[in-house]
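This report describes selected strands and a helix, together with their surroundings. Please consult the sequence and the structure shown below while reading.

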Amino acid sequence: MKEKGPSFMTDEWRQAAVAAGLDEFSALWEARGEPLGDLNRARGGWSSAVRLSLPDSHIDGCVVKRQENFRARTLRHPISGVATLAREFLNLRRAAHRGLPVTEPLYFARRRGDSTDQAILVLRGLTGHRGLNEWFGPLREENRGATCVLLRQRMARAAGVLVRRCHDQGLLHNCLYPKHLMARAEGD
């Protein structure tokens, strides 16, 4: 496989990755972490995500997304498709450039062989954030008060405002599930 250097890496990630021995694509490809959901097998390949902690770094956890031959067909690439992590990386950069609150990419790279296309995207962990699916899950006994209902209303309104801002910027989220909208409660 052709393994070239990463197409994107922050200085912060470079320092943490070198210290953790994860500065090569193959080392990061093999790194083990806490799985974030099941392996997604579709589109002729697979995709997965793990939470990874880097001891002795300023990065408070990160999400490592990996995929192999996991491609989406687009108008520009209707036959060969495009690696979904490459598209996600570019869209995160576009959204951040337009002032939208998105997680920060720390690293992105691909390696390709004759029949294999692999990609890795490392994102800054969102400490203290939970997906809306968790905030709006079944009400437990301790979460049935008026404060919880008010908090959920505020989060739903904030999510609607955020989606409207994305659409106003010409950005469309093609996988807008509650687990992909992250929120953190602050103060009261």
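Helices (H or I, at least four residues) are DSSP runs, numbered from the N terminus. The model discussed here is predicted.

## Helix α3

Helix α3 covers residues 84-97.

Which residues of α3 are buried? They are T84, L85, A86, F89, L92 and A95. The elements that cover these buried residues include β2, β6 (62-68), β7 (71-72), β8 (82-83), β9 and β10.

Strand β9, formed by residues 105-112, is mostly covered, with seven of its eight residues buried. This strand is also among the elements covering the buried residues of α3.

Strand β2 (residues 8-9) runs antiparallel to β9 and is joined to it by two bridges. Within this pairing, Y107 of β9 stands opposite M9. Seven bridges connect β9 with strand β10 (residues 117-124), again in antiparallel arrangement. R112 has D117 in β10 as its bridge partner. Together, β9 and β10 make a hairpin in which four residues lie between the two strands.

## S48 in strand β5

S48 lies in strand β5, which comprises residues 45-52. Is S48 buried or exposed? Its relative accessible area is 19%, and buried means under 20%, so S48 is buried.

Apart from neighbours within four places in sequence, S48 is in contact with L39, V64, K65 and R66.

Methods:
Residues are numbered from 1 along each chain as its sequence is written. This is a predicted model: local features need pLDDT of at least 70, side-chain atom pairs count only at pLDDT 80 or more; totals for chains, interfaces and linings use all residues. Side-chain values use heavy atoms; hydrogens and water are left out. Buried means under 20% relative accessible area, exposed over 50%, partly exposed in between (1.4 Å probe, protein chains only). Contact means heavy atoms within 4.5 Å. Two strands pair if DSSP finds at least two bridges between them. The expected span of a helix is 1.5 Å times one less than its number of residues.
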